[in-house]
Amino acid sequence: MPARKIQNEQEVLRWFEEGRSYQWMIDEYKRKYNIETVPSLWGNFRRRKGLESRYTRNDELIPWALRDEHRWLFPAMMLRTEARRREGKELREEDATRLSAFVARLKNKKLVVHYDPDTEEGFFYVPAREGIDTDLVRVPERKTKILKRAD
């Protein structure tokens, strides 16, 4: 049986309470204990201890299966930030400011976010259809997102 990499569970639980990122934990373990770790180690620890997931899933705001190259584009990041806000999660000040401007722009111009995975750009801002597109995104004919368990 291999040696356990986690040296002090109470310390790691404190880091989760403080909201430390997996990358921070990886770097800190290397610095403090000279032990190499990977994000899945921390995600598995979180899951085993029954800690709350770090990610917010909202298939009303992101009803599409996003291609990898589109996953971190600005519209996707803003929609995930809005999902966190709706769940009551605390946002960093700069994220809250950016989100407010994003939502205001959409509302003022009566636009919604449309996603087309078959394009290089991925995301487009299109006019909201009255009575149909009542939130921030173009309501697709069918949702293509498959929700998976994630950390």
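**Exercise 1. Find which residues of α4 meet which residues of α5, and work out how the two helices are set against each other.**

Step 1: Start with the contact itself, counting heavy atoms within 4.5 Å. From α4 come Phe 74, Met 78, Leu 79, Thr 81, Glu 82, Arg 84 and Arg 85, and they meet Asp 95, Arg 98, Leu 99, Phe 102 and Val 103 of α5.

Step 2: Sort them by class. Ala, Val, Leu, Ile, Met, Phe, Trp, Tyr, Cys and Pro go down as nonpolar, Asp, Glu, Lys and Arg as charged, and the others, Gly among them, as polar. The α4–α5 contact then has six nonpolar, one polar and five charged residues.

Step 3: Now the geometry. Helix α4 (residues 74-86) and helix α5 (residues 93-109) pack at about 110 degrees, and their axes are 10 Å apart. Axes are lines fitted to C-alpha atoms, for helices over the stretch in contact, with angles from 0 to 180 degrees between N-to-C directions. Under 35 degrees is roughly parallel, over 145 roughly antiparallel, 65 to 115 roughly perpendicular, and the rest oblique. So α4 and α5 are roughly perpendicular.

A word on the model: it is predicted, with local features needing pLDDT of at least 70 and side-chain atom pairs pLDDT 80 or more, while totals for chains, interfaces and linings use all residues. Residues are numbered from 1 along each chain as its sequence is written, and side-chain values use heavy atoms, leaving out hydrogens and water.

**Exercise 2. Describe the whole protein chain.**

Step 1: There are five helices and two strands, DSSP runs numbered from the N terminus (helices: H or I, at least four residues; strands: E, at least two). Their order is α-α-α-α-α-β-β.

Step 2: The C-alpha atoms fill a box of roughly 60 × 30 × 25 Å along the principal axes.
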